[in-house]
Amino acid sequence: MSEVKSLVQENLEIEENSVPIPLTRKWTRVEAVGLGLVILSLLVLLITPGTLAGLFTSIVDQVFPVIVGIFLTGTVGVSIIVSVIIGRVLERLGFTDALIRIFIPVTKLMKVNSAVIIPSIYNILGDINAAGKIAGPILIRSGATKAEQKIAVATMVQSQQSFATFMLGMVALTAVGANAFIVVVLAVFMPVIVVPFLLSKTIYRDTKAVQIAKLPQFTPKTGFLPTLFNGAREGAELLFLLIIPAAAVVFAAIGVLDYIGIWSKFESGLSAVLLALNIHPETGILSILASPALAMAQLSEVAGSLDPRLVIGSFVLASSGLPLATIFGQIPVIWAANSDLSEKEAMGAALLGIVMRILTAFLIVYFLTPILV
């Protein structure tokens, strides 16, 4: 009984000494913003009832053709899954370890971790999303610094996302009589070496060469069938859990900008800039905003009637990590999940790489067109 009394007494003391709970609390900033949105929405419904419906329709019109037409029922979604399968099979067959050994002499001279080259090679052979999924963990295991991981992202966006883009670009270059071999060497393979060198000496200096003896072996010991099925599952997860949500967010934002009338002005300004850089405006805009493969398909049909400089410039631009939805959506999400980089860091590195790509297109067209055609 004495124990019960002591417990009752203890509870009474706690209740007497406890701080009374206030009946209300101050407004937070986000609550004020939410109240403003509620009032604004009600006013819009009262004054122009069709505005919210129009905004919603504009967003859906931008998102639907991309998600359904390109990723779900088009070939892009299947290509992503297949690319991951191929990438995992190549990795299982020693592809990554062979690349490391091939590039170590060059990266040793540049004093850069040789793994920074890996995402670019997987991108050239497969898909930029699969490249990030496969190469991100490889960079971590090789001990690459954050600066080196940013170099890897900026270098990766220097090459085309799909083999279809490459082949259609070859058709367009052939139509204008350009030397396709030299264009490909200068525009696709040289940046894999030049970009890491430039960035390691300027912006991302925290780099170091790694000896082959200090690197782990990257070839997994998984069986052949599990490699195939796990690759297919990873590809499906990548497509449905990362890429499609990221694309939906980006094109929803475009839908908002289109509805309030800003997007069309942006497109017309972009067209003028591309023409000034000797890039075919129509296909250049397609590469930046929609699909480099689609841009090269259109370019291959009209290339014979165009100035060769515009065709070469458009091909170099299309051979990159574009469209912008990939730069602002897919790359940040995938690299944040598979590397040490945050979404903001990955996006910044990708943007830097795209700016370098546009400058590359201009320099190749301006200085080298006379020897390319």
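Within helix α5, the residue L99 touches I118 and I121, leaving aside residues up to four places away in sequence; contact here means heavy atoms within 4.5 Å. L99 is buried, with a relative accessible area of 8%. The term buried stands for under 20% relative accessible area, exposed for over 50%, and partly exposed for what lies in between, with a 1.4 Å probe and protein chains only. L99 and S114 are 15 residues apart in sequence, while their C-alpha atoms are 8.6 Å apart in space.

The model is predicted, so that local features need pLDDT of at least 70 and side-chain atom pairs count only at pLDDT 80 or more, whereas totals for chains, interfaces and linings use all residues. Residues are numbered from 1 along each chain as its sequence is written, and side-chain values use heavy atoms, with hydrogens and water left out.

Helix α5 covers residues 95-110, and its axis comes within 10 Å of the axis of helix α10 (residues 180-201), the two crossing at roughly 25°. Helices are DSSP runs of H or I with at least four residues, numbered from the N terminus. Axes are lines fitted to C-alpha atoms, for helices over the stretch in contact, and angles run from 0 to 180 degrees between N-to-C directions. The angle makes α5 roughly parallel to α10, since angles under 35 degrees count as roughly parallel, over 145 as roughly antiparallel, 65 to 115 as roughly perpendicular and the rest as oblique. The crossing of α5 and α10 is right-handed, a term for a near helix turned clockwise from the far one by less than a right angle. On the α5 side F103, V106 and M110 take part, and they meet I193, P196, F197, S200 and K201 of α10. By class, this contact of α5 with α10 has 6 nonpolar, 1 polar and 1 charged residues. Ala, Val, Leu, Ile, Met, Phe, Trp, Tyr, Cys and Pro count as nonpolar, Asp, Glu, Lys and Arg as charged, and the others, Gly among them, as polar.

From α7, the residues I128, A131, G132, L139 and I140 make the contact, together with Q149, A152 and M156 of α8. The classes in this contact of α7 with α8 are 6 nonpolar, 2 polar and no charged residues.

Attention now turns to charged side chains. Side chains of opposite charge can pair when their charged atoms come close. A salt bridge is a side-chain nitrogen of Lys or Arg within 4 Å of a carboxyl oxygen of Asp or Glu, and the count by this rule comes to 6 salt bridges. One of them joins K146 and E345, with 3.2 Å from N to O. This pair links distant parts of the chain, since K146 lies in helix α8 (residues 146-156) and E345 in helix α17 (residues 343-372), 199 residues apart. K146 is partly exposed, at a relative accessible area of 39%, and E345 is partly exposed at 22%.

Another salt bridge lies between E91 and R88, with the closest N and O atoms 2.8 Å apart. Because E91 and R88 are 3 residues apart in helix α4 (residues 75-92), about one helical turn separates them. Both E91 and R88 are buried.
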